[in-house]
Amino acid sequence: MKVQDPEKAAKFYSSVFGWEISAPNWDYREVTTGGEEKSGINGGIAKGPNDYPYGTRIQIEVDSIDEAIENAKENGAMIVREKMEFDQFYLAYLVDPVGLGFGLIQNK
């Protein structure tokens, strides 16, 4: 999820749901939502930029982010953040034809 106060969000979700939240790395905190006894949909908490909507957002892992972006555009998606390069992955943000924001991620 993208929020304006990641520390506050981390404390809330850890306290309420017992999620394990790692120390920040590049202002991103990995989240483990389930333990050995029950599975969860893990994710992360990061600070969102002021000019980009924040909130809960899924990220879909793809084999080729360039192909996925092109396919999404051809099918009516709008690019919100072009492909960005990080140390271990590429990431882009889009909005689908019905207005839902999502991320595409390709590991290196």
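**Rings, charges and cores in a predicted model**

The charged end of Lys 108 sits over the ring of Tyr 90, at 5.1 Å from the ring centre. Lys 83 does likewise, with its charged end over the ring of Tyr 90 and 4.8 Å from its centre. Here, a charge sits over a ring if NZ of Lys or CZ of Arg is within 6 Å of the ring centre and within 35 degrees of the ring normal.

A word on the ground rules: this is a predicted model, in which local features need pLDDT of at least 70 and side-chain atom pairs count only at pLDDT 80 or more, while totals for chains, interfaces and linings use all residues. Residues are numbered from 1 along each chain as its sequence is written, and side-chain values use heavy atoms, with hydrogens and water left out.

As for the overall layout, the protein chain has two helices and eight strands, running in the order β-α-β-β-β-β-α-β-β-β along the sequence. These are DSSP runs numbered from the N terminus, with helices (H or I) of at least four residues and strands (E) of at least two. Of the chain's 108 residues, 30% count as buried; that label means under 20% relative accessible area, with exposed being over 50% and partly exposed in between (1.4 Å probe, protein chains only).

Now for the rings. Four aromatic pairs turn up in the structure. Rings of Phe, Tyr and Trp (its six-membered ring) pair if their centres lie within 6.5 Å; planes under 30 degrees apart are stacked, over 60 edge-to-face, and the rest tilted. Trp 26 and Phe 86 are edge-to-face, because their planes stand at 65°, with ring centres 6.3 Å apart. Trp 26 lies in the loop between β2 (20-21) and β3 (28-32), and Phe 86 in the loop between β6 (78-85) and β7 (89-95), so the pair ties together parts 60 residues apart in sequence. Phe 86 also pairs with Phe 89, this time stacked, at 4.9 Å centre to centre and 25° between the planes. Trp 26 is exposed, at 65% relative accessible area, whereas Phe 86 is partly exposed at 24%, and Phe 89 is partly exposed at 25%. Elsewhere, Phe 12, Tyr 13 and Trp 19 make up one aromatic cluster.

What about the inside? In soluble globular proteins, nonpolar side chains tend to be buried together. A nonpolar core is a set of buried Ala, Val, Leu, Ile, Met, Phe, Trp, Tyr and Cys residues joined through side-chain atoms within 4.5 Å. The largest one has 11 residues, among them Val 62, Ile 65, Ile 69, Ala 92, Phe 102 and Leu 104. At least two residues come from each of α2 (65-74), β7 and β8 (101-107), and α2 gives the most, with four. A second, separate core has five residues, including Val 3, Ala 9, Val 31 and Ile 45.

Two residues show what such packing looks like up close. Contact means heavy atoms within 4.5 Å. Setting aside neighbours within four places in sequence, Ala 92 is in contact with residues including Ile 65, Ile 69, Phe 102 and Leu 104. Thr 33, in the loop between β3 and β4 (43-47), is buried at 17% relative accessibility. Not counting residues up to four places away in sequence, Thr 33 touches Trp 19, Gly 40, Ile 41 and Asn 42.
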